Structures are given as structure tokens and as C-alpha cells.
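Work through the exercises below with the sequence and the model open. Try each task before reading its solution.

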Amino acid sequence: MYHDKKFSVINPSKMCQPMGAIQALLGIKDTIPLIHGSQGCSTYMRFQLTRHFREPIEVASTSMNEKTVIYGGEFNLLKALKNITEKQSPSLIAVTSSCLTETIGDDMAGIIKKFEDANIGKELPIIIPISTPSYAGTHIEGYDNTIKALVEYLSTPSRANGKINIIIGNNSPADVKEIKALLTELNCESIILTDNSENLDAPLSESALNLYNEGTTIEEIKDTANSLGTISLSKHADSAGVLLEKKFGVKSISGPLPAGLENTDRFISSLCKFDEFEVPESIEKDRGRLMDAMVDAHSYNYRRKVAIFGDPDFVSGMTNFTSEMGMTPTILCTGVESKRFNEDINLISEKKGLNPTILASGDLYDLHHKIKEKPVDILIGNSYGASIAQEENIPLFRAGFPIFDRLGAQRISVLGYNGGINFVDEITNTILDYYYDEAGYEITEEESHESTRSGLFAEEEV
Amino acid sequence: MRILEVLHMEPKIESIIDTFESRKKHMCIKGDDISIPDCNKATLPGTVTQRTCVFGGARIVLMPITDSLHLIHGPIGCASCTWDIRGSKSSRSNLYKKGCSTDMGEKDIIFGGERKLFETIIELNKLYNPGAIFVYATCVSGVIGDDIKAVCKKSEEITGIRIVPVQSEGFQDYNKTKGHWIGCDALLDYVIGTKELEKTTPYDINIVGEFNVAGDLWGIKPLFKEMGVNIISTITGDSYVDEIAQAHGAKLNIVQCQKSSNYLADKMEKKYGIPSIKVNFFGIKQTINSLRDVADFFDDEEMMERTEEIIKSGLNDVEHKIEEYKERLTGKTVALYVGGNKAWSLVRAFEELGMDVIMSGTKNGMKEDYERIKDTVRDGTVIVDDANSNELALLLKKYQPNLLISGAKEKYISLKLGIPFCDFNHDRISAFAGFNGFISFAKEVDASVSSPVFDLTSKKLMEQ
């Protein structure tokens with residue numbers, strides 16, 4: 001069977017830039033994300049987001065059509081800005097481009113200027129153009145470009161605020177909550193870029209249907225120029241931090257993702273570089289509980305081979321975490337081509353004595369074939385891994401985006417000490433479910449052969 | 001009746017909810033002198049549209065061909081947001097579930113993506129040896145002028161399998177129905193009629209516009225088998241491309257999703273002289289009528305007798321099994337916001353559960369769709385075209401139905417308002433077609449409407 005693949009992407013492990021932009025924008029208060037492109041862009045992204053978060057997701061579209069493609073998208077963009085301003089009057093309209101409007105060369109900044117000039121004297125929302133061509137980079141760059149554009153347009157130096165900017169990256173509302181709780185306990189005032197913790201995990205209420213009442217405010221984004229420093233939890237989302245450092249001398253630290261004991265320790269010591277925080281007993285206790293959980297679980301996890309796929313910082317963060325637990329990260333896959341990712345993994349491998357296969361710019365086809373070559377005990381990643389897990393008869397621990405075949409994606413937490421405790425308990429229980437019997441004994445080779453499911457993949461390949 | 005009160009209170013010309021001036025004509029209340037809402041208009045820029053693109057329209061029509069690969073020629077997003085969106089089931093191959101993309105990058109935009117497309121097709125053929133490869137154009141591949149037809153032709157010569165170009169540039173139209181037609185055209189131009197029928201019977205049919213969502217087809221197929229009708233192909237649910245290639249040999253096309261597939265049936269009638277009848281397997285009476293219509297077409301005494309037997313036993317089973325649900329559902333109200341076909345075809349099915357449709361709308365309906373809706377619903381029913389998410393929320397708040405039937409994007413709008421919801425689109429979990437399907441349908445509607453969780457949604461913490 002021919003396996004080598006050079007040209008096609010089969011079952012992608014990445015999305016396009018506008019998706020990353022929307023993920024960032026859903027954490028901002030009173031804002032409308034507007035995709036300048038075909039209707040399908042906003043509709044399919046909303047479909048993905050809504051089935052993951054199980055929340056209504058509002059993304060407007062300029063609904064380009066054949067005529068506007070020929071004559072340029074100015075008419076539709078102007079009309080969209082007018083309609084949004086009149087009907088919803090948000091504080092901010094964030095206009096992201098698409099492959100279509102980038103290719104036909106629409107000058108979004110120019111069109112926005114035209115709109116503003118035509119409405120002088122009227123109260124207008126702030127309108128920011130964000131260039132997110134879908135044919136360049138991935139959702140990772142889309143997220144990064146968006147936070148950078150927001151900061152670039154809005155940040156204004158005034159008085160020092162004593163706060164720390166935290167660029168969250170594409171993490172779950174539960175993770176954001178956990179980071180915020182950690183900061184509160186440290187008595188650290190912060191600006192969260194962006195805070196999706198309420199918007200994407202909203203109580204059952206009509207207010208979830210209107211413009212977001214919660215999330216990062218415009219004022220906060222403006223104030224980022226006056227902070228003590230910036231920490232980007234994801235290294236691949238740190239452009240805004242770099243910009244703030246260059247422009248306003250606000251020091252910036254990139255990563256690592258605070259997943260697991262060591263990385264969360266590093267996050268706290270990074271914070272302490274900016275100010276003298278006293279670590280309260282409550283945090284020491286949570287940290288102790290995470291250690292306790294890891295010790296309780298160690299014998300089930302030791303040398304369990306794990307494959308991890310998803311966003312680069314998620315994969316490197318979880319590589320470090322699972323190896324702390326005694327597992328053996330064996331195959332690491334991300335859809336993005338990234339030097340930093342490779343460096344991170346090499347560094348962790350050296351430190352921990354690992355020798356993983358790295359699939360950078362890989363897809364799930366590559367991942368699956370690698371798993372066939374180098375079998376693993378458990379797979380960590382989003383719902384698209386379910387068919388691989390089923391065919392290989394291994395469990396899938398769901399984390400990342402999108403997760404649509406289980407409930408509670410918005411409440412999956414792996415960050416900080418408490419997220420770490422969740423993760424250790426849940427992944428160990430998953431391993432217990434799969435590899436141990438009801439009396440707690442490890443299922444032997446003989447027993448497991450009987451229950452091996454023959455997968456469709458196997459049939460297809462023969 | 002709440003609706004009639006509202007009708008009384010407000011003059012008809014006035015909009016039923018607060019919205020843009022140009023959108024007011026897109027919703028109306030059925031009454032004596034009221035016709036149909038304005039429709040088939042470009043989406044208002046800046047709204048949160050529930051519509052999708054032409055590419056999406058073509059993809060959902062063709063994707064259920066299970067032994068084929070569906071290759072998206074465009075940047076990665078077009079594939080990664082749509083590769084698993086259709087809940088079509090397969091009894092054989094799983095190839096169609098793969099998300100294939102040429103992953104066009106900056107270089108391809110500048111220098112053209114034809115070379116990459118060609119290499120990708122050749123590679124995919126080597127990897128999987130599929131029945132066919134459908135190649136979809138996207139916005140960008142269209143704008144830069146990649147000639148996908150030429151590439152497909154060339155690769156077909158080399159691979160020896162069908163490589164089918166689908167000219168589905170997303171921006172072509174605001175109405176995804178155009179995408180459905182483009183999908184149908186690809187079948188007409190490159191698949192149907194390319195293989196001679198292996199064996200013929202006097203009772204050969206195609207089931208057109210049935211996509212086997214959640215296994216719908218499997219509720220219908222056994223009924224036809226019992227009748228003695230021979231199914232050559234389903235277009236496209238649970239199909240192999242070779243079967244569709246023989247579809248021109250049928251004596252009759254039966255059309256389930258008329259929105260997407262009347263177009264195909266009409267063209268097949270012109271090209272091959274195959275007559276078609278419209279069927280509908282959602283609901284008891286409609287299932288019965290559809291079976292009888294097919295038997296009548298063949299004008300075969302024995303088949304008619306067998307059909308009556310099937311109906312009798314099906315009916316017996318259904319009536320008994322839905323009794324419990326019907327008891328709880330009678331008198332409850334429903335709002336439909338669905339693809340064109342279901343906006344009228346589900347109305348009767350709900351009546352059979354004792355429920356009352358008080359609103360019916362579609363995202364992409366044309367004039368003839370609204371005519372049919374108008375003819376089907378009773379006076380006082382709200383008819384709405386292309387409601388954006390804000391309008392939908394306002395309509396639900398105003399009319400407070402006991403249930404909304406719609407798709408994934410609408411689900412949480414409804415649930416946040418405390419209004420029960422049931423998916424009748426790609427994401428539904430059970431098959432609803434035929435007699436057995438109707439039982440599942442009743443069960444699922446009951447599970448939404450009668451769940452006690454919705455009694456809690458209006459309770460306050462300190463109320464007791």
C-alpha cells in the first residue's frame with residue numbers, strides 16, 4: 001500500500017486565519033465580528049463554533065456575491081458597516097478579511113475611512129480592519145494577527161496601571177477562568193486578551209443572544225500600553241506583546257502554556273518578574289493537590305505511550321505535562337509549520353529523555369499512519385481524532401477544538417494547578433476504563449485480544 | 001389563539017417584528033388577502049445570516065456518494081469547516097468522510113493552483129483508488145481563474161477513474177440552491193449515463209434527493225423492496241458513483257428533497273425521458289400517499305395489493321406506538337425554520353402528532369416554495385423568509401412556540417430562550433423517514449417538548 005503523501009491534505013488539523021480571528025474576537029465586550037467575504041465563511045465558522053461551545057455565535061458577513069466580486073467589495077462593506085451601526089450600535093466592529101477579498105484586493109482600511117468620513121458628526125463604533133487571508137498561515141496566525149491588530153489600533157499610553165496583560169491564546173472558557181482565579185489569588189491585576197470565560201460559557205438567559213455584556217473592554221485594550229508587562233500563554237500568540245514592548249517598552253514574555261506543574265510554576269515566576277507577588281497558601285495548597293493527584297495516579301500512567309495533536313502550544317504544553325506524569329509522548333502532531341514548535345519539543349525531549357516523532361504541518365492522515373507504525377496507548381486531541389481512536393482501539397482524551405461529540409467542551413480545563421488536577425484525574429480514569437477491569441486489575445494481553453474491534457480503516461487499506 | 005390576537009392587534013402591512021425597513025416585506029401572516037413574503041433576495045450585508053455559500057450547496061448534494069473522494073480546491077478553511085458536516089450514513093464505504101484539500105497557499109494564489117490540483121488528484125487516486133474524485137472550485141480558485149475542468153480531464157485520462165469538476169465558486173449567488181443545481185449539473189454532465197444498466201426490470205427507479213441523513217433511506221428502502229420496486233440508484237444518499245452512472249436506465253424518478261433535486265429530475269426527464277413523481281416520507285399520510293403514487297405509476301395490480309398490505313401493517317404499528325407521545329404533544333405549537341422542502345412537508349407530519357404549526361420559514365426559499373407553504377399552513381401562520389439570527393430570536397420571543405425545528409446554528413438561539421428545539425438537519429440523531437422513522441420522530445419531538453427541564457427555565461432562585 002502506498003502511504004507517502006506529498007501534496008494533499010487529508011483530514012486537516014488546522015483551520016484558516018478568519019477562524020482564529022473570530023475565536024479571539026468572541027472574548028471582547030460589545031463587539032461585532034464581521035467577515036468581509038462570502039456568506040459561507042461566517043456560516044460554516046459559526047457552525048463549528050456553535051457545536052463546540054453550545055452557545056449561539058454571532059458573526060456578521062458582508063455577503064459578497066458575483067457582482068461585488070467583479071466590482072470590488074466596497075459597496076457591501078460600506079452597507080454592512082451602515083447596517084450594523086444603525087441596528088446594533090456596538091462599541092467595536094472588527095472587520096476581518098477572507099481569501100476572496102484579499103485576492104480581489106479590497107482596501108479595507110480605505111473603505112472604513114470612507115465610511116467614517118461620510119458619517120462625520122455621528123457617533124460611530126470603533127472600526128478596525130484585520131487582515132486575515134485564508135490562504136496564508138492558519139487559524140493560529142489569525143488569532144495572533146487579531147490580538148496584534150486590536151492592540152495596534154487601540155493601545156494608548158497614559159498613566160501606569162500596575163496591571164499585567166495576559167494574552168490567553170485559543171483556550172477554553174474554563175481555562176480562562178482558572179487563569180483569572182490564579183491571578184486574583186496572587187492579588188495581581190490583569191488585562192485578559194481576550195476573556196471568553198463568560199461569553200462562551202453563558203448561563204441560560206436571553207442576554208446571551210445580544211451583544212456580549214462581558215469580556216475584555218475597549219478601555220482595557222487601550223490600557224494595555226500602560227501595563228507592567230505582557231505574558232502570552234501561547235508562544236504563537238505573542239505578536240501583540242512584542243509590539244507593546246517595542247512601542248511602549250512594556251516587557252513581554254512568551255509561554256510556555258501553563259499546563260502541568262512545571263509550566264504553571266514558570267507562569268507564576270514569570271508574573272513575579274513584573275512585580276512582587278506573594279504566593280498565598282491557597283495556591284500552595286492547589287499546587288500540593290496537583291502533586292498529590294500525580295502521585296496517586298503515577299502507576300497507571302507510567303510509560304503509557306501518548307499521541308497528542310492540536311495547536312502547537314497546546315501540543316508542547318501537554319507534552320511537558322504528560323511526561324511529568326510519567327507518560328511517554330510518542331507522536332506529536334500540529335497542523336502548523338513552526339520553528340518554535342520544533343524547538344520547544346526538542347528542548348522538552350532533551351530534558352525528559354524522550355524521542356517523539358514530530359509531525360509539524362501534519363494532518364490526521366499522517367497522524368494515523370504514524371500511530372499504525374508506532375502504536376500508542378492513548379490519543380489526546382479534538383473530536384476529529386475519534387475515528388482514529390476507534391480504529392486503533394485506543395481511548396481518545398478530548399481537548400482542543402472542535403469538540404462536538406461530547407458535552408462540556410467549554411468546561412474542559414487543563415491549565416493551572418486546578419486544571420492540571422482535572423486533567424490528571426480524568427485521563428487516569430480514562431486509562432482505568434480502558435486498560436483495567438472492574439476489580440482494578442490490568443487487563444491481560446489474552447483478554448484484550450478477544451475484545452479488539454476491527455476498524456473500517458483496516459478494511460479499506462488492505 | 002395567540003396568533004389571531006396578534007393578527008387582530010396589528011394592521012397587516014406593519015412589520016411583525018422590529019427589523020430593517022427592507023426586511024419587513026420578508027415576513028407575513030397568512031390570511032385571506034395576504035400572499036407570500038418577499039424572497040430570493042441578496043442577503044443584507046452586516047447581518048448574521050443563516051445562509052451559506054454556493055460551494056456548501058454543491059457539497060451537501062454530492063458528499064453522500066460514499067465510494068468517492070471529495071477534494072476541495074481552495075485554502076484549508078473551506079475543507080476544515082465542512083468535511084464532516086453532512087450526517088449522511090453509509091452502509092459500505094467510508095471514503096466520502098475524508099476531508100481532502102489542496103490547501104492553496106500564497107504561492108498558488110500568485111502562480112495558479114492547477115499544478116498542485118493535478119498532483120493532488122493523482123496522489124489521492126494512488127492512495128485510495130476511489131470510485132471517483134469530485135473536485136470543488138472555491139471562491140479563490142475561481143477568482144484566480146484555475147481551469148479545474150481542464151485539470152480534471154487530464155487527470156481522468158491518466159487515472160482512468162471519473163474526475164468530476166464541480167464549478168462551485170462560493171460567491172456566485174446568495175442562494176445556495178444554485179449550489180445544489182451545480183452539484184446536479186456535475187452528475188448530469190459527468191456521471192449519469194456513463195455506464196449501461198447491468199440488469200433491467202420493469203420496475204426500475206431512482207430515489208432522487210434522498211441523502212440518507214441519519215439513515216433515512218434505510219427506512220424507505222425495505223418498503224420498496226417489499227413492493228417489488230427495484231432501486232437502481234439513490235441520488236445521492238448511501239450511493240456508489242457507478243450506480244448513479246446507470247441512473248439513466250430507470251423508468252421513474254421519485255423526488256424526496258424537491259428543493260435540491262427537482263432540477264435534476266426535470267433535466268433527466270428532458271434528456272432521458274424519465275418521468276418523475278414527488279414523494280415525501282416524513283409523516284404517516286405522506287408516506288402512504290407516496291407509496292401509493294409509485295404503485296399507481298407502475299399500474300400493476302399485484303404491486304398495488306402488496307403496497308396496501310405494507311401500508312396496513314405499517315399503519316398498525318405506527319398508530320399504536322405513537323399513542324403515548326401524541327397524548328403529551330397534542331395542542332402544542334411548532335415553529336419551522338428549515339431548508340425549503342421541509343417548510344411545507346413537515347406541516348402535515350406535525351398535525352399527525354396533534355401539533356399546530358404557527359410559523360414556517362426558510363433560508364433560501366423561492367416564490368414557488370412560499371406558494372406551497374401558503375397552501376399548506378392554516379390562516380394566522382407566520383411565514384418568514386431568510387430570517388437572520390436576530391430576527392429569529394425576536395420571532396421566537398414574540399410567538400413562544402413549544403418547539404423550534406431547525407438546524408445547528410439556530411439550536412442555541414432557541415434553547416437560550418428556553419424554547420425546546422429539535423434538529424431536522426444534518427445533525428439529527430435518528431432517521432425520521434417512513435413508518436419507523438415517524439415513530440423516532442415522535443419520540444424525539446416528545447423528548448424536547450415534554451422534558452421537565454424547560455419548566456425550570458423560568459423559575460427564579462428565591463421564588464419558593
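**Exercise 1. Find which residues of H2(B) meet which residues of H8(B).**

Solution. Start on the H2(B) side: Val54(B), Phe55(B), Gly56(B), Gly57(B), Ala58(B), Val61(B) and Leu62(B). Their partners in H8(B) are Thr177(B), Lys178(B), Gly179(B), His180(B), Ile182(B), Gly183(B), Cys184(B) and Ala186(B). Contact here requires C-beta atoms, placed from the backbone, within 7 Å. Now sort by class: the contact has eight nonpolar, six polar and one charged residues. (Ala, Val, Leu, Ile, Met, Phe, Trp, Tyr, Cys and Pro count as nonpolar; Asp, Glu, Lys and Arg as charged; the others, Gly among them, as polar.)

Two notes before going on. This is a predicted model, where local features need pLDDT of at least 70 and side-chain atom pairs count only at pLDDT 80 or more, while totals for chains, interfaces and linings use all residues. Residues are numbered from 1 along each chain as its sequence is written, and chains are lettered from A and ligands numbered from 1 in the order in which they are written.

**Exercise 2. Describe how H2(B) and H8(B) cross.**

Solution. Locate helix H2 (residues 54-62) and helix H8 (residues 177-190) of chain B. Helices are DSSP runs of at least four residues, strands of at least two, numbered from the N terminus. The two axes come within 6 Å and cross at roughly 45°. (Axes are lines fitted to C-alpha atoms, for helices over the stretch in contact; angles run from 0 to 180 degrees between N-to-C directions.) That makes H2(B) oblique to H8(B). Oblique is what remains after under 35 degrees (roughly parallel), over 145 (roughly antiparallel) and 65 to 115 (roughly perpendicular).

**Exercise 3. State what Phe134(B) touches.**

Solution. Leave out residues up to four places away in sequence. The contacts are then Leu62(B), Ser68(B), His70(B), Leu71(B), Val164(B), Val166(B) and Ala186(B).

**Exercise 4. Locate the cis peptide bond between Ile235(B) and Thr236(B).**

Solution. Go to strand E7 (residues 230-236) of chain B, where Thr236(B) is found. Omega of this bond is about 10°.

Methods
Contact = placed C-beta atoms within 7 Å.
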